[in-house]
Amino acid sequence: MLAQEERNQQVKKYICDCFCQESEELIYIRNHSAELGLQDIAVPPNVGKMLYLLARLQNPKRILEIGVLGGYSTLWLAKALAPGGELIALECDKRHAEVAKSHLERAGVVKSVEILLGSAAGLLEQMIQNQEPPFDLIFIDADKENYSLYLDFAIALSRSGTLILCDNLIPKRGEIASPDLLDNEAVCIYAFNERLAKDPRLESLPFPTIVGEKGRVDALGVSRVR
Ligand SMILES: C[S@@+](CC[C@H](N)C(=O)[O-])C[C@H]1O[C@@H](n2cnc3c(N)ncnc32)[C@H](O)[C@@H]1O
């Protein structure tokens, strides 16, 4: 391992140990998701805490999440809801949606969370057609190839001041800003970043994060709707 990676790993552990104590319910979701064989692609505790804190600053009545998996980030966000608030979460995988629902039931937040099963693009389009009231915070963490599409839908479901958070804005592999053209996910993410930087409807910055066992540098996109 490179010396820098080792240091990143130590920094991540240090931040997690000092600042990101997970509740018993969050630890259960992580462990149980692994036992069930779900992919290890939930946000790490340092990103979960960042989601929670950014959400707390919004005092959100309405949160939208795109990409649920076992409900780990959903629980961090649900804990930040204002009293009486609601979180709508979109997930296309039936098993993930069922597992997440059982985890959120166990954590005692299921009454404030609604998981909608289906492809995010279709569900978002339907929400816009139904004139869904705006969300205070929207977290995008699903298929990277569709982030640009989800961002347009997210803006349509926002008000001035809505916070839009997008995970994994630094691809896992390849040169920074110059990905292998066969790596479609990376190509889409860099194209998305360029677009995010210039979108006149938003003020944005990718906040660097340290993720994964090896201490990889990633970023969480933080955008405020003007
Ligand atoms: C990275 S995981 C989400 C992790 C979760 N946010 C967390 O940190 O705990 C991505 C999830 O998005 C879902 N997903 C992928 N493509 C989707 C789509 N087109 N519509 C809805 N969900 C999708 C996957 O099934 C998976 O559960």
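This briefing covers the sheet, its helices and the ligand site of one structure.

The model is predicted, so local features need pLDDT of at least 70 and side-chain atom pairs count only at pLDDT 80 or more, while totals for chains, interfaces and linings use all residues. Residues are numbered from 1 along each chain as its sequence is written, and side-chain values use heavy atoms, with hydrogens and water left out. An open sheet of seven strands is described here.

**Sheet**

- The strand order is β3-β2-β1-β4-β5-β7-β6, with mixed pairing. Strands (E, at least two residues) and helices (H or I, at least four) are DSSP runs, numbered from the N terminus. Two strands pair if DSSP finds at least two bridges between them.
- β3 (113-117) and β6 (202-211) stand at the edges with a single partner strand each, so one side of each lacks a neighbour in the sheet.
- Neighbouring strands are turned by 15° against each other on average, direction ignored. Axes are lines fitted to C-alpha atoms, for helices over the stretch in contact, and angles run from 0 to 180 degrees between N-to-C directions.
- β1 (residues 62-66) and β4 (residues 135-140) run parallel, joined by four bridges. L64 stands opposite I138 in β4.
- β6 and β7 run antiparallel, with 10 bridges between them. I210 has V217 in β7 as its bridge partner.
- Four residues separate β6 and β7 in their hairpin. G212 in the turn has a positive phi of about 75°.

**Helices on the sheet**

- Helix α6 (residues 120-129) lies across β1, β2 (86-91), β3 and β4. The helix runs at about 140° to β2.

**Helix pair**

- The axes of α7 (residues 147-156) and α8 (residues 184-198) come within 9 Å and cross at roughly 35°.
- Y147, S148, L151 and D152 in α7 meet I189, F192, R195 and L196 in α8. Contact means heavy atoms within 4.5 Å.
- The contact residues divide into five nonpolar, one polar and two charged. Ala, Val, Leu, Ile, Met, Phe, Trp, Tyr, Cys and Pro count as nonpolar, Asp, Glu, Lys and Arg as charged, and the others, Gly among them, as polar.

**Ligand site**

- A backbone N or O atom of G67 lies 2.9 Å from a ligand nitrogen atom. A polar backbone atom of C92 is 3.2 Å from a nitrogen atom of the ligand.

Definitions and conventions
A polar contact is a pair of N or O atoms within 3.5 Å; within protein, one must be able to donate a hydrogen and the other to accept it, and residues adjacent in sequence count only if both atoms are side-chain atoms.
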